[in-house]
Amino acid sequence: GQTQVLLMQDKGITPEGVERIAVTRLEPSSASLKDLGAGLEGEDAETLLKRRLGAAAAVGDLLKKGFEAAEGKVQDEVVLGLTAWHRELADEDQASFEGLWDVLRQQVRDNVSPSATLELVMLGADEEARLEHRAAAYACAQVLGASSLGVVLGPAATEESSRILCSCGSQEESIIRHAELPLEEGEKLLADGSEEGATAWEGRCMEVCGKAFGDCAVILKGFAGD
């Protein structure tokens with residue numbers, strides 16, 4: 001539910017035919033949006049509305065900075081990508097955010113341009129994993145000097161999930177595989193704190209991941225990644 005505001009500017013096509021996009025992060029992280037739908041437990045409507053307006057105003061200030069950073073060039077749209085925290089909500093809980101989206105749309109018109117629009121993009125799990133892959137590849141290039149990143153392995157986006165995601169291959173069209181860890185089985189194996197239980201649980205995880213991610217190794221053999 002954390003929100004990051006990025007300014008993305010088209011820098012044209014290189015002689016090699018590669019599209020260049022300049023990305024500027026205007027704010028590391030702002031307030032979470034996920035508590036601004038139905039509101040906090042026991043919260044009255046007036047308090048919720050005030051929190052929505054405050055959060056929207058903060059986003060509006062960042063959009064204004066982005067417009068200034070773009071040197072006054074009119075931006076057509078602001079894109080809000082909604083990830084796992086929103087995707088996993090029940091339909092009625094998703095609908096509770098309509099009031100917040102309306103307030104944000106007004107901030108876009110006030111701080112970007114009267115004709116600018118707010119586009120809500122619902123990201124699927126695979127799309128989100130691919131974006132994480134691209135972000136990790138960019139970070140590795142900046143920090144480690146790695147020219148490419150062949151595989152990204154990590155937990156699914158939500159704390160409640162027992163899924164492990166593997167993204168491998170090219171960043172734009174990476175193959176996504178999921179492994180569901182049997183957590184209840186793990187709790188039983190680890191209950192007595194014995195070394196045998198820990199070893200058995202490690203072996204079980206390796207077995208599950210081996211079956212789920214086996215074809216990733218095949219894919220990576222033909223990929224010159226780091």
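Contact here means heavy atoms within 4.5 Å. Helices (H or I, at least four residues) and strands (E, at least two) are DSSP runs, numbered from the N terminus. Buried means under 20% relative accessible area, exposed over 50%, and partly exposed in between, with a 1.4 Å probe and protein chains only.

This is a predicted model: local features need pLDDT of at least 70, side-chain atom pairs count only at pLDDT 80 or more, and totals for chains, interfaces and linings use all residues. Residues are numbered from 1 along each chain as its sequence is written, and side-chain values use heavy atoms, with hydrogens and water left out.

Start with confidence. pLDDT is the predictor's confidence in each residue, from 0 to 100. The mean for the protein is 78, and 77% of its residues reach 70 or more. Among the elements, helix α4 has the highest mean pLDDT, 91. Strand β2 (residues 19-30) has the lowest, 63.

Now the layout. The protein has seven helices and seven strands. Along the sequence they follow the pattern β-β-α-β-α-α-α-β-α-β-β-β-α-α. Of the 226 residues, 32% are buried. Take the contacts between residues at least 6 apart in sequence: 54% of them join residues at least 24 apart.

The expected span of a helix is 1.5 Å times one less than its number of residues. Which residues of α4 are buried? They are Leu100, Trp101, Val103, Leu104, Gln107, Val108 and Asn111. Seen down the axis of α4, these buried residues fall within an arc of 160°, so they line one face of the helix. The arc is that of the directions from the helix axis to the C-beta atoms. An α-helix has 3.6 residues a turn, so residues three or four places apart point the same way.

Leu100 is buried, with a relative accessible area of 1%. Leaving out residues up to four places away in sequence, Leu100 touches Leu33, Leu36 and Arg52. Its C-alpha atom is 7.0 Å from that of Gly37, 63 residues apart along the chain. Gln107 is also buried, with a relative accessible area of 17%. With the sequence neighbours up to four places away not counted, Gln107 touches Ala56, Ala57, Gly60 and Val112.

Next, the nonpolar cores. A nonpolar core is a set of buried Ala, Val, Leu, Ile, Met, Phe, Trp, Tyr and Cys residues joined through side-chain atoms within 4.5 Å. The largest one has 19 residues. Those with the most contacts inside it are Leu33, Leu80, Leu100, Trp101, Leu104 and Val108. Helix α1 (45-69), strand β3 (77-82) and α4 are the elements that give two or more residues to this core. The largest share, five residues, comes from α4. Another core, of eleven residues, lies apart from it and includes Cys166, Cys205, Ala212 and Cys216.

The aromatic rings come next. Rings of Phe, Tyr and Trp (its six-membered ring) pair if their centres lie within 6.5 Å; planes under 30 degrees apart count as stacked, over 60 as edge-to-face and the rest as tilted. A search of the whole structure finds two such pairs. Trp85 and Phe97 are edge-to-face, at 5.4 Å centre to centre with 65° between the planes. Trp85 sits in helix α2 (residues 84-87), and Phe97 in the loop between α3 (91-95) and α4. Phe97 and Trp101 have ring centres 5.6 Å apart and planes at 20°, so this pair is stacked. Together the ring pairs link Trp85, Phe97 and Trp101 into a cluster. At 2% relative accessibility, Phe97 counts as buried. Trp101 counts as buried too, at 1%.

Further along lies strand β4 (residues 117-122), which holds Met122. Is Met122 buried or partly exposed? Met122 is partly exposed, with a relative accessible area of 49%. Residues up to four places away aside, Met122 touches Leu82, His86 and Glu127. Met122 and Leu80 are 42 residues apart in sequence and 8.6 Å apart in space, C-alpha to C-alpha.

Finish with helix α5 (residues 125-143). Its 19 residues should span 27 Å, and its end C-alpha atoms are 27 Å apart, which agrees. Glu128, Ala129, His133, Ala137 and Cys140 are buried in α5. Gly145 follows α5, with a positive phi near 75°.
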